[in-house]
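Have the model open as you read.

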Amino acid sequence: MENLQHMEQNQHFMHRALELAQKAEGRTSPNPAVGAVIVRDGRIIAEGYHRRAGSEHAEVVALQAAGQSAAGATMYVTLEPCNHFGKTPPCTEAIITAGIREVYYAVQDSDERVLGSGHKRLLEAGITVHEGLCREQAEQLNRRYFHYKKTGRPWVFGKFAASLDGKIATRCGESQWITGDEAREHGHRLRSRVDAILAGVGTVIADDPLLTCRSSTETATQPLRVILDSSGRTPIKARVLDTSVAQTLLATTSPLTAERQRAFAQKGVQVEGFPADEQGRVSLLPLLQFLGKRGLTSILVEGGAAVLGSFFQAGLIDELLAYFAPIVIGGEQAPGAVGGNGFARLQQAACLRDTSIEQLGPDFLIKGLVVK
C-alpha cells in the first residue's frame, strides 16, 4: 500500500511538470517543451518551465524559485536534464550545485549532445536518478521535437475546415466562412504554435490569404509562410508577400525571369528552387528537409485540397486537425477537403490513431495522429 501511494504521489508531481511544459508547447523551437517541479516533504516548493529558445531551462527556473530550499529536495522534470553548454549552461551542474538529492525524469533526450549523459553525470555526483515516469505522456508532448531529431524534418500538421459532407467550398467557390468564430480562433491559436504555415499558389490566387496568426488570446512570433509555386505565379500584390507582417518563402521548381526575381526581392521574399515531382510540382520531401535544416520543427499545411492531397499521398502528414461545421453543402462540383488521385483501396487510406473530438461553438474538431 505504501509503495502504491508513493507511486501515485510521484505521478502526481510529474503530471504537474507536464502541465507546466504544455504552456510552452510550440514556443521553444527548435528546443523541446520542458517543465520541472521541486518537492520537499511531499509538497511542491518550486516549479518552472522553459519559455522560449535561449532562455533558462525549466530546471534552472525551478531552482531559482526554490533558492536554498532546493538542497536535499527531489526534482521532477519531463526530459533528461542537459549536460552540455549551448545558449545556457548545463542543467546537470545547476542541479548538482543546488544540492538536489533525487531526480525523476520522464524520457531520455534524443539530442546526441545529451542522450544519457545527463543521467550519467547526475549519478556520478551521487544523486539518485529515475527514468521513465510518465514516459508516454512526455513523448506525446514533445512529439514534434523527437520527430525532428529522428528525421531532420519538421512535424507536419494537416488542417482543413469543411461541411459535414467534406466540402471546403460551394460549387461557386464560396468558402468564407464555413466554420464559426470559435473554430477559427482555435485555428489561429494553432498557427501561433508552429514554425511555418504552408499553402499552394492556387489558394493564394483564389483567396488572397494573409496566413498569419491573428488570435485574440495569443502573442507569438509570426510563423514563416511557405508558398508552393512551381513557376512563380504568385501575384506581386498578394497579401502573403507583405514581409512587414511575417517572412515568406516561395518554393519553386522553374527559374524565374529576372524581372520576377527583382520584384520578389524588393518585397523581401525568399525564393528557393527545389526538384520537381512527376507532375512538375515542388517535390515535398526535399522541401521539408530544407526547412528542417533551417531549424523548423513543425509546419501547418493549410491547403488547398490539391496540396493536402499531395502531402497525404506522399505519407508526410503526421497529425490531422479537421474542423467540421454542422452544414451540408452537397454537389459534385463542390470541392472536397483532400484532392489529388486519392487512394485506390480502403486499406491504403490514411488512418488516424489517438483521436479526439472537441466541440467549438457549433462546430466540431476531430484530430489524431496519422498511422505510418
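Let's start with an arginine: the backbone oxygen of V240 lies 3.0 Å from a polar atom of the side chain of R225. That's a polar contact, meaning a pair of N or O atoms within 3.5 Å, where, within protein, one must be able to donate a hydrogen and the other to accept it, and residues adjacent in sequence count only if both atoms are side-chain atoms. Keep in mind that this is a predicted model, so local features need pLDDT of at least 70 and side-chain atom pairs count only at pLDDT 80 or more, while totals for chains, interfaces and linings use all residues. Residues are numbered from 1 along each chain as its sequence is written, and side-chain values use heavy atoms, with hydrogens and water left out.

**Buried charges without a partner**

- R225 sits in strand β8, residues 224–228; strands (E, at least two residues) and helices (H or I, at least four) are DSSP runs, numbered from the N terminus.
- R225 is buried but has no salt bridge, and the nearest side chain of opposite charge, D242, is 6.0 Å away.
- Here buried means under 20% relative accessible area, exposed means over 50%, and partly exposed is in between (1.4 Å probe, protein chains only).
- A salt bridge is a side-chain nitrogen of Lys or Arg within 4 Å of a carboxyl oxygen of Asp or Glu.
- For charge, Lys and Arg count as positive and Asp and Glu as negative, while His and the chain ends are not counted.
- The side chain of R225 does reach the backbone oxygen of D242, at 2.8 Å.
- E80 is also buried with no salt bridge, its nearest side chain of opposite charge being R135 at 9.3 Å.
- You'll find E80 in the loop between β3 (74–77) and α3 (91–98), and a polar atom of its side chain lies 3.4 Å from the backbone nitrogen of S117.

**Salt bridges**

- How many salt bridges does a search of the whole structure find? The search finds 16.
- R16 pairs with E47, with the closest N and O atoms 2.7 Å apart.
- R16 lies in helix α1 (residues 2–22) and E47 in strand β2, so this pair ties together parts that are 31 residues apart in sequence.
- R16 is partly exposed at 23% relative accessible area, and E47 is partly exposed at 30%.
- R101 bridges to E102, with the closest N and O atoms at 3.3 Å; R101 counts as partly exposed at 45%, whereas E102 is buried at 13%.
- R135 forms a salt bridge with E131, the closest N and O atoms being 3.5 Å apart.
- Salt bridges with shared partners join R16, E19 and E47 into one network.

**Pocket and cavity**

- The largest pocket holds about 1,200 Å³ of space.
- Its lining has 49 residues, with T203, D207, E302, G303 and G304 nearest the centre.
- Each of β6 (155–163), α7 (181–191), β7 (196–200), α8 (201–207), β11 (298–303) and α11 supplies at least two lining residues to the largest pocket.
- The whole structure has one cavity of 30 Å³ or more, and the largest cavity has about 100 Å³ of space.
- Of the 14 residues lining the largest cavity, G26, T28, N31, N142 and R144 lie nearest its centre.
- On a 1 Å grid over the protein atoms alone, a cavity is a set of points where a 1.4 Å probe fits but cannot get out, and a pocket is an open set with protein on both sides within 12 Å along at least five of seven lines; lining residues have an atom within 4 Å of a point.
- Grid points are joined across faces, edges and corners, and a volume is the space filled by probe spheres set on the points.

- Helix α11 (residues 305–313) is mostly covered, with seven of its nine residues buried: A305, V307, L308, G309, S310, F311 and F312.
- Just after α11, G315 takes a positive phi of about 70°.
- A46, in strand β2 (residues 43–49), is buried with a relative accessible area of 5%.
- The C-alpha atoms of A46 and A62 are separated by 5.4 Å, though the two are 16 residues apart along the chain.
- There are zero disulfides in the structure, a disulfide being a pair of cysteine sulfur atoms within 2.5 Å.
- C172 counts as exposed at 66% relative accessibility, and C351 as partly exposed at 42%.
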